Amino acid sequence: MKPHELDFPIVDAHIHFMNQKTQSQAVKLWSRGNQTLIAEDKKRRNKHAASLNNPPWEFPDLSGSEMAVKWQTELAENGISRGVFLCLVPESADFCEFIRRGQPRFWGFTTVNPLDKRAVAGLEAQMQGGGFVGLKLFPALQRFYVHDEQAYPLYELAERRGWPIIFHMGLTLAYFADVRYTNPLDLQPVGRDFPKLNIIVPHFGTGYLREALFLAYHCANVHFDTSSSNIWLKYLPYSFTLKQVFEKFLSVAGPERIIFGTDSSYFPRGYRSQILHAQLEILGQLGLSKEELRNILGGNIMRLLKQEQAPSDD
Ligand SMILES: [Zn+2]
């Protein structure tokens, strides 16, 4: 299956906005200024990129508007109709500008630190600005347990406003991370207590395959995105292919809770077309109906975001 053979639009639900400015802000924030951690993080990222035959990580020294033009080109060249962009720097002016400039093809997921006393007010302020449609939280970097009731007012606000929350759970490339906070099953009380909150767990739980599947069983409001190289499969104590992961989630969570994404992020790598093509290949082998394919490749995320398809998408 190739993108141009599909007669419906593809939405990539997981792309990172990273220019030089936000990257250095993020490094400062998540390393807490620790130079040893910063050096180790860089080494780890470049080693990982080399192992995937990718160029080293670089972040363009461009404004939000200039980055928007760059990403619009990347999406168009790869047959992607729209993208959900994430940013891990709270209240980034560049990210706001990027999302504004990318309308109507970009949707933004902003962030706040759930342990910050001003988190709820900060999120409310960002909701007024327009352009943002969801929240991205990263417990291993923000160092909080997702079931910590300190974060509940934030979840309550997101639920009330119909904003989905993407929680990165599981393994991560970030050297700054503290993986004690990343078990997907910790989301079960959150899913239980906020039944109308749409939760997205990226990369099928990033290594916590069993826990992610158990979470799917417990919480009907948890969705899973397919993004990234899913290299975590390499670290399981048994052999499992990405195709088997798709089959397992289709049988446990169902096609309406699986959301396509690539986790594209830095340049010069740009859009991760290899991931798009590999996943289209797998999806083409699973005997899915056209409706199910359409939902996985864009319909599900649009439903969560309460977005209509633009006529130009057809
Ligand atoms: Zn990501």
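**Helix packing, core and a buried leucine**

Tutor: Helices α9 and α10 are roughly parallel to each other, because their packing angle of about 20 degrees is under 35 degrees. Please note that this is a predicted model.

Student: Which residues do α9 and α10 cover, and how far apart are their axes?

Tutor: Helix α9 spans residues 209–218 and helix α10 spans residues 242–252, with their axes 10 Å apart.

Student: Is the crossing of α9 and α10 left-handed or right-handed?

Tutor: The crossing is right-handed. On the α9 side the contact is made by Leu213, Ala216 and Tyr217, and on the α10 side by Lys248, Phe249 and Val252. By class, five of these residues are nonpolar, one is charged and none is polar.

Student: Changing topic: how many residues are in the largest nonpolar core?

Tutor: That core has 80 residues, and those with the most contacts inside it include Phe85, Ile165 and Val201. Helix α12, residues 290–304, gives the most to this core, with six residues.

Student: What does Val201 touch, leaving out residues up to four places away in sequence?

Tutor: With those left out, Val201 touches Phe167, Met169, Pro184, Leu187, Ala212, Val222 and Phe224.

Student: And Leu280, is that buried or exposed?

Tutor: Leu280 lies in helix α11, residues 273–284. Leu280 is buried, because 20 other C-beta atoms lie within 10 Å and the cut-off is 20 or more.

Student: Which residues does Leu280 touch beyond four places away in sequence?

Tutor: Leu280 touches Met1 and Lys2. By contrast, its C-alpha atom is separated by 25 Å from that of Leu215, 65 residues apart along the chain.

Methods
Residues are numbered from 1 along each chain as its sequence is written. This is a predicted model: local features need pLDDT of at least 70, side-chain atom pairs count only at pLDDT 80 or more; totals for chains, interfaces and linings use all residues. Axes are lines fitted to C-alpha atoms, for helices over the stretch in contact, and angles run from 0 to 180 degrees between N-to-C directions. Helices (H or I, at least four residues) and strands (E, at least two) are DSSP runs, numbered from the N terminus. Angles under 35 degrees count as roughly parallel, over 145 as roughly antiparallel, 65 to 115 as roughly perpendicular and the rest as oblique. A crossing is left-handed if the near helix is turned anticlockwise from the far one by less than a right angle, and right-handed if clockwise. Two residues are in contact if their C-beta atoms, placed from the backbone, lie within 7 Å. Ala, Val, Leu, Ile, Met, Phe, Trp, Tyr, Cys and Pro count as nonpolar, Asp, Glu, Lys and Arg as charged, and the others, Gly among them, as polar. A nonpolar core is a set of buried Ala, Val, Leu, Ile, Met, Phe, Trp, Tyr and Cys residues joined through C-beta atoms within 7 Å. A residue is buried if 20 or more other C-beta atoms lie within 10 Å of its own, exposed if 12 or fewer, and partly exposed in between; C-beta atoms are placed from the backbone.
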